[in-house]
Amino acid sequence: MAVGLSACGINTVPTLEERAKSAWSEVQNQYQRRADLIPNLVETVKGYANQEREVLTQVTEARARASQVKVDASTVTDPEKFRQFQDAQNQLSGALGRLLVTVERYPELKSNANFLALQSQLEGTENRIAVARRDYIETVRAYNTELRTIPGRWIAAILYPDAKPMETFTATPSADRPPAVKF
């Protein structure tokens, strides 16, 4: 009987839900890595970029806002909280983009080895975030598909009535336009 139950997909819904929660944890882990790295980056850049304090202040403020909005695995089904979290992270990404443009505008910043190392770490972190978000989106797709297709839909309705579709990331409204770089 146990073999029959395991083969019929009865555990698919909770298995996919746990995978999605795990993927969400990895997204949060990468955001935390970025949040931990930014103060070091900002302090290093401050010594070399007094003329661009405004950009650095925006990065610091965006990081603070992003750290205040908390979404955990139990609230990824709440579209409003998820949107708030995504908006805060998108603001931080925008501020970091402006910081990287500043580097392009002021070559003397690039000559500092510490800044280059931190910039490389930041770029790597942004890539890790993109990969973690992609993995999360894929696991949520599998989970949400299972909740909407048969027999998963029936199994969820009977055995897991609290199972709800999870939210995924969406592109920012300006993501289809390249950033403006002016020298």
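Visitor: Hi! Which residues are linked in a network of salt bridges?
Guide: Hello! E17, E18 and K21 are linked that way. Keep in mind that this is a predicted model.

Visitor: And how many salt bridges does the structure hold?
Guide: There are seven salt bridges in the structure.

Visitor: What does D87 form a salt bridge with?
Guide: Its partner is R83, and the closest N and O atoms are 2.5 Å apart. Both sit in helix α4 (residues 79-105), and because they are four residues apart there, about one helical turn separates them.

Visitor: OK, where are R141 and E138?
Guide: They belong to helix α6 (residues 113-148), three residues apart, so about one helical turn lies between them. R141 and E138 form a salt bridge, with the closest N and O atoms 2.5 Å apart. R141 has 44% relative accessibility and counts as partly exposed, as does E138 with 41%.

Visitor: What about R134 and D135?
Guide: Their side chains meet in a salt bridge at 3.2 Å, N to O. R134 is exposed, with a relative accessible area of 52%, while D135 is partly exposed at 36%.

Visitor: Changing topic: how many helices and strands does the protein chain have?
Guide: Seven helices and zero strands.

Visitor: What share of the residues is buried?
Guide: Of the 183 residues in the protein chain, 33% are buried. The chain exposes about 10,800 Å², and carbon and sulfur atoms supply 53% of that area.

Conventions:
Residues numbered from 1 in each chain as written. Predicted model: local features only at pLDDT ≥ 70, side-chain atom pairs only at ≥ 80, totals over all residues. Heavy atoms only, no water. Helix = DSSP H or I, 4+ residues; strand = E, 2+ residues; numbered from the N terminus. Buried < 20%, exposed > 50% of the residue type's maximum accessible area, 1.4 Å probe, protein only. Areas by Shrake-Rupley, 256 points an atom, 1.4 Å probe, with all protein chains shown as cover. Salt bridge = Lys/Arg side-chain N within 4 Å of Asp/Glu carboxyl O.
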